[in-house]
Amino acid sequence: MACPDLKSKILRLVLVTAGVVCFAVPLTTAQQRKAQPPASLRLYVFDCGKLDIQDITPYQLTRAEIATNVMSVPCFLIAHPRGTLMWDVGAVPDRLIPAGGAGTLRSYGTSTRKLETQLSEIGYAPGDITYLSLSHFHWDHVGNANLFAGATWLVRKAERDVMFSDPPSTRTEPENFSALKNSKTSIITTPDYDVFGDGSVVIKSAPGHSPDHQVLFVHLARTGPVVLSGDLYHYPEERVLKKIPTTEFNREQSATSRAAVEAFLMRTHAQLWIEHDFTANAKLKKSPAYYD
């Protein structure tokens, strides 16, 4: 067994006398040293599971037109010298993921890795996070929101309103973000919101998929500029074939937002990371590795 307190000679003597063998368990890196602010911007990608979408007709696509019907569910941590930002926090909350097994939500959302554990591996606890922002309120992006109720929540009014509407929207799981209702909140009122004040991390309005959906621009020194898509697109084939799902909150707004983001990508030469693109996401390096 692990020694409860290796510094206690009396306790060790009692254990040995009782015939119990104890041994030292080395502290993990995360336990030994809390993460320090990085010298330059970093982007961590976490594995937060997948969605096995059986009916893709709402996306106006056929099985023959797509590489896979499965969607990835990533979570992201942006570590800046001035603080940290969590962007999208998974579908299945950690509390539903059993040790050594898979957690399931709404039958087709699954995850085997807890977000809190992945953060711990790089020296962070939920309480260390400065800001939380979600691309939108749908259930597969807010699963672990309650973990970050101690952070400052960066949200647009229309999104917050729909999250706490009565009755609640059928497109989300209110119990997974209920703690945000009383958290420190900053309402974003401008199309672009510069999180750290230096232009390196900017939340950009892109409504349509939800009342005030948003995407995230991250300008990394070595990787270059990246836009995290939220659900601006789900399948990469939507982008290629210019298909807009029938289930959008406002399809006309979605078309306008897509055009604006595409123009922004052209101007900035940024990569677009489609968060639900299963094939592309599988190729991204996952935490504890990072992009800088």
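Student: Is Y44 buried or exposed, going by its relative accessibility?

Tutor: Y44 counts as buried, because its relative accessibility is 4%; buried means under 20% relative accessible area, exposed over 50%, and partly exposed in between, with a 1.4 Å probe and protein chains only. This is a predicted model, in which local features need pLDDT of at least 70 and side-chain atom pairs count only at pLDDT 80 or more, while totals for chains, interfaces and linings use all residues. Residues are numbered from 1 along each chain as its sequence is written, and side-chain values use heavy atoms, with hydrogens and water left out.

Student: How should I read an aromatic pair, and what are the centre-to-centre distance and the angle between the planes for Y44 and Y290?

Tutor: A pair of aromatic rings is described by the distance of the centres and the angle of the planes. Rings of Phe, Tyr and Trp (its six-membered ring) pair if their centres lie within 6.5 Å, and planes under 30 degrees apart count as stacked, over 60 as edge-to-face and the rest as tilted. A search of the whole structure finds eight aromatic pairs; among them, Y44 and Y290 are tilted, at 5.4 Å centre to centre with 55 degrees between the planes. Y290 counts as partly exposed, at 27% relative accessibility.

Student: Which kind of aromatic pair do Y108 and W139 form?

Tutor: Y108 and W139 form an edge-to-face pair, 5.4 Å centre to centre and 90 degrees between the planes. Y108 is partly exposed, with a relative accessible area of 31%, whereas W139 counts as buried at 4% relative accessibility.
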